[in-house]
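Q: I have a structure to go through with you. Could we look at how its elements pack together?

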Amino acid sequence: MNAVGPLRQIVVVGSSLAGVRACGGLRAAGFEGELTLVGDEPHQPYDRPPLSKKVLSGEWEPDRISLFRGDEATTLDLNQRLGSAAVSLQLAERTITLEGGATLGFDGLIIATGSGLRRLPGQPDHPSVMELRTLDDSLALRARLASGDQRVVVVGAGFIGLEVAATARQLGNTVTVLEGAPAPLIRGLGVEMGMAVTALHEDNGVTIHCRVQVRAIRPGDLSSAPVDIDVRWADGADETLTADVVVVGIGVIPNTAWLEGSGVQLRDGVVCDQTLNSLSSDGSPIPGVYAAGDIARWPNGQFDGEEMRIEHWTNASEQGMTAARNLLAVANGEQPTPYETVPFFWSDQFAKRIQFIGRAAGDDDVRIVRGSVEDRSFLALYGKHGRLRGALALAMPKPLMQCRNLLLDRMTFDDAIAAVTAWP
């Protein structure tokens, strides 16, 4: 253990789900000192999943997605530094520098700065070329889609891109999705199941093109003018598409720029040990510094120590709480608890819910064991090296959640198939 002595000042950097849960976890575990929450957005912390669905559609207003319940922000006794991003960390001095030059001292630190959006090479800054990561992004895009008569092109068929496509189509817009990979959601679900999700979108009038290279986006001179998108199709042919709105959703990258040169080990995220204690560049744990959420990369004991960085809601919530408990435990001379989990995520698209539990890789053996793609309702199991690795459900939530115990039991792939097939 790396005890840091009594904790009087704890700073949580990132007004994300992980950051808010960390603050709640610290107070719940008995921390009574000064607690500061730093966030780069001016808004009170909010939940992000509804941004591409309920908020984007206009069904919910921003007040529905606050991460604080009732007067929780007051009862947590937080010093909130919102609209003021952290720009550097000085480990030796135990200080953080904010935009504008202000500094914050700390005894304990939880890094929860999440991730930011990838951009296309040469992506223009133009009102009709949009992204969706923040509340302001969602409200701006909502205003453009609300009329229902827009030609919308979504670049990227990951979960956010497909959720935006589904919402835009449900509002009455014409929607085309462009994806460079052989299938949508290939990183999370693999080719076969990605194509199953394609069928769901095609049922609802969304056109999805895969193996497409976006060569350039050329907006008109006026903010309201159509946008031209130069593409190269899979057969090598070039074409120009015209859109009223282009939404770029090609993935995210961890927000680690402010940590460069700090001595924190960075590798597509903040590298941590199994307890979420951040590691230094020489691999040793940094006393009193933890990470949680999208930004944390750690060895997951539930999967034999496989190093993971997970960009999902449930993981962020659980890690925020775990980082808080472990920070206090070590300061009190107690043993920290390794964070071991079976990852879980979901996505609502049209009237269907897609859920996945476990891990997936491109070379997994995938078997549909209940339902069928044709019925748009199924449960598929993922296996590798003879072991069950994950389960995917489309509109089949109950059996999906039953698969969690199979994963916790580290069941073989064949035994898992037999067990699920035998369920009533």
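Q: At what angle do helix 1 and helix 8 pack, and how far apart are their axes?
A: Helix 1 and helix 8 pack at about 35°, and their axes lie 7 Å apart. Axes are lines fitted to C-alpha atoms, for helices over the stretch in contact, and angles run from 0 to 180 degrees between N-to-C directions. Helices (H or I, at least four residues) and strands (E, at least two) are DSSP runs, numbered from the N terminus.

Q: What kind of model is this, and how are residues numbered?
A: This is a predicted model, in which local features need pLDDT of at least 70, side-chain atom pairs count only at pLDDT 80 or more, and totals for chains, interfaces and linings use all residues. Residues are numbered from 1 along each chain as its sequence is written, and side-chain values use heavy atoms, with hydrogens and water left out.

Q: Which residues make the contact between the two helices?
A: Helix 1 contributes L17, A18, R21, A22, G25 and L26; among those of helix 8 are W313, G320 and L328. Contact means heavy atoms within 4.5 Å.

Q: Now the sheet: what is the strand order?
A: The open sheet has six strands in the order 3-2-1-7-20-19, with mixed pairing. Two strands pair if DSSP finds at least two bridges between them. Strand 3 (78–82) and strand 19 (277–279) are the edge strands, each pairing on one side only.

Q: How do strand 2 and strand 3 run, parallel or antiparallel?
A: Strand 2 (residues 34–39) and strand 3 run parallel, joined by five bridges. G39 is opposite L82 of strand 3.
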